[in-house]
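Subject: Structure handover

Hello,

The notes start with the chain interface and then go into one of the chains.

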2 protein chains.
Amino acid sequence: MNTEDLKSRLVAGERRALARAITLVESGRADHRAQALDLLEALPKDRQAVRIALSGTPGVGKSTFIESFGSMLTERGLRVAVLAIDPSSARTGGSILGDKTRMDRLARDPNAFIRPSPSQSHLGGVGRRTREAVSLCEAAGFDVVLIETVGVGQSETVAAQLSDVFVLLLAPAGGDELQGVKRGIMEMADLILVNKADGDLKPVAMRTCADYAGALRLLRKRPQDPQDYPQAMMVSALDQSGLETAWDAMQTLVAWRRSEGHWDHARAAQARYWLAEDVRQGLLAPLDSPEGRRLLDEMGARVAAAQTTPTAAAQLVLAQLHGSAT
Amino acid sequence: MNTEDLKSRLVAGERRALARAITLVESGRADHRAQALDLLEALPKDRQAVRIALSGTPGVGKSTFIESFGSMLTERGLRVAVLAIDPSSARTGGSILGDKTRMDRLARDPNAFIRPSPSQSHLGGVGRRTREAVSLCEAAGFDVVLIETVGVGQSETVAAQLSDVFVLLLAPAGGDELQGVKRGIMEMADLILVNKADGDLKPVAMRTCADYAGALRLLRKRPQDPQDYPQAMMVSALDQSGLETAWDAMQTLVAWRRSEGHWDHARAAQARYWLAEDVRQGLLAPLDSPEGRRLLDEMGARVAAAQTTPTAAAQLVLAQLHGSAT
């Protein structure tokens with residue numbers, strides 16, 4: 001399929017075209033990359049989904065939440081795409097099926113699109129690939145893009161720079177575990193959802209929710225927040241309770257940010273961030289090349305043996321990488 | 001003075017030659033840089049000082065400690081150099097005098113050398129400059145190099161990669177403040193010294209010391225530590241008590257690490273670290289150039305206005321910086 005065809009079918013909302021386009025932007029092959037660049041530049045720029053980052057440690061029930069929350073959204077007539085950031089490359093082909101099975105109902109929903117996390121590629125960072133996949137989902141007319149992160153520091157930063165709303169999903173837990181959430185991640189949250197607020201866990205969930213609401217009030221006020229945000233609330237993916245309230249809270253937040261100019265401001269700042277990040281990655285790319293690794297190994301052995309200084313060795317490596325004296 | 005003369009006088013231990021050599025490695029001028037590289041390569045590689053990183057937040061009494069500790073060392077016949085890592089560039093010319101005044105006694109000691117923190121230079125990072133200054137102090141025959149850091153995260157990482165022994169200086173404080181020391185910094189410490197263990201503060205200092213000793217025992221055992229390390233102990237820079245015990249503890253640690261191979265291993269790993277870091281900085285240098293800043297501003301405005309994608313804009317910036325299509 002040529003780029004023009006792929007674009008037309010993508011813009012028409014065909015899920016298979018979207019899947020194919022994402023595979024293209026994830027590819028490390030030079031010809032694929034060139035085609036991906038053409039496609040990205042040709043996309044309409046006037047479609048915006050609500051991009052929701054969903055962070056939470058393993059075991060908190062993220063998949064079940066996405067299944068319930070996503071289904072609630074499609075029942076309201078919205079089209080929902082689910083993407084994952086997985087910097088660990090720990091997931092393998094097998095878990096792709098696993099992901100789809102875990103989100104069985106959503107995976108069969110014609111208004112949903114689920115894309116498992118990409119395997120690690122040598123070219124480009126996880127940020128760029130996911131960012132480009134988000135753009136493709138928006139161009140394909142999805143209303144909501146859920147970006148799932150694995151709950152380790154760096155991937156939250158990436159998710160925050162890719163999203164309009166940052167949701168932190170937490171399990172009910174005793175007060176001590178409140179300390180376990182890193183302050184930096186708390187500060188990113190627009191909404192904290194305490195999951196599993198059902199059955200025996202409900203009283204614990206209520207206490208946990210109150211604890212986090214208290215913790216949120218202690219954080220510095222951010223300009224992009226309306227009154228009473230960030231919020232903490234309870235949900236149950238199992239009982240499917242609280243999901244609509246959570247979505248309402250997100251919509252209220254989004255509407256306020258749009259009307260106050262924070263939405264456009266944040267998206268512009270994110271675009272600048274990714275430009276700088278892509279340039280950095282591009283400049284550092286020679287370090288990942290076979291030549292770069294060989295040079296670092298070779299000169300590394302010499303500096304380790306104190307045969308030369310890091311300063312002089314670095315000059316030599318840079319001169320070789322640049323193909324001229326530095 | 002030519003490089004050969006400077007080297008001879010430096011190796012003979014002349015403090016004025018050392019000061020001049022440090023000014024040379026800190027200079028951003030290309031001809032100075034070339035001369036600095038020649039000098040660094042020509043230095044003898046067989047002189048090793050004990051490099052001590054001294055970390056602690058402002059107000060903990062670092063200057064007074066260095067004055068007392070340094071004087072105790074010179075009284076034992078050792079030559080002591082004091083360098084500072086100051087990534088903030090907040091200090092100005094005025095504080096150079098301030099530093100020397102604060103360490104009045106040590107500054108007049110013929111066996112001591114005090115170098116205030118360099119002002120920010122556009123070329124090279126704080127790490128490289130301080131690292132090269134440490135090498136110059138070693139070549140000038142100093143036995144101990146004290147590297148003072150300002151107590152903010154990044155400078156501790158730099159200090160740890162520049163030192164053989166990492167000392168964390170703390171003030172006596174209530175149990176709550178123990179939380180204020182970041183876990184990452186605790187994990188770097190070889191020795192925690194609770195300062196101001198004198199007068200009314202002595203009981204608090206004892207409790208603080210016991211608290212930190214307890215906290216250190218909870219950390220994972222590191223291969224480079226002998227039995228009972230890392231340690232926490234009390235000192236008083238005012239009463240000049242505990243200083244010799246602290247120095248004995250450092251010497252015991254150093255002797256063990258030397259005999260077990262950890263010293264050489266750590267220095268080799270540090271050399272590799274700085275090689276990689278210098279290469280990274282060199283590759284990223286175009287971002288700091290006027291051309292790089294102009295390109296990022298220009299393309300930043302275009303991506304912020306959604307006229308192009310970060311991906312495409314980054315390609316253009318990289319092509320311009322490399323002077324060819326990427």
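Across the interface of chain B and chain A there are zero salt bridges, a salt bridge being a side-chain nitrogen of Lys or Arg within 4 Å of a carboxyl oxygen of Asp or Glu. This is a predicted model, in which local features need pLDDT of at least 70 and side-chain atom pairs count only at pLDDT 80 or more, while totals for chains, interfaces and linings use all residues. Residues are numbered from 1 along each chain as its sequence is written, chains are lettered from A and ligands numbered from 1 in the order in which they are written, and side-chain values use heavy atoms, with hydrogens and water left out.

At this interface, 42 residues of chain B are in contact (heavy atoms within 4.5 Å) with 42 residues of chain A. The two chains bury about 3400 Å² between them, and carbon and sulfur atoms give 75% of that. Buried area here is the accessible area (1.4 Å probe) that two parts lose on being put together, summed over both. On the chain B side, B:L275, B:L283 and B:T311 lose the most area to chain A, together 20% of what that side buries.

Within chain A, an automatic or database domain assignment gives domain 1 (1-43), domain 2 (44-260) and domain 3 (289-325).

Next, a strand of chain A. Strands are DSSP runs of E, at least two residues, and helices runs of H or I, at least four, numbered from the N terminus. Two strands pair if DSSP finds at least two bridges between them. β6(A) pairs in the parallel sense over four bridges with strand β5 (residues 165-170) of chain A, where A:L170 stands opposite A:V194. β6(A) also pairs with strand β7 (residues 231-234) of chain A, in the parallel sense over four bridges, with A:I192 opposite A:A232. From β6(A) the chain crosses through helix α10 (residues 202-218) to β7(A) in a right-handed β-α-β crossover: with the strands pointing away from the viewer, the path from the first strand over the helix to the second runs clockwise.

Regards
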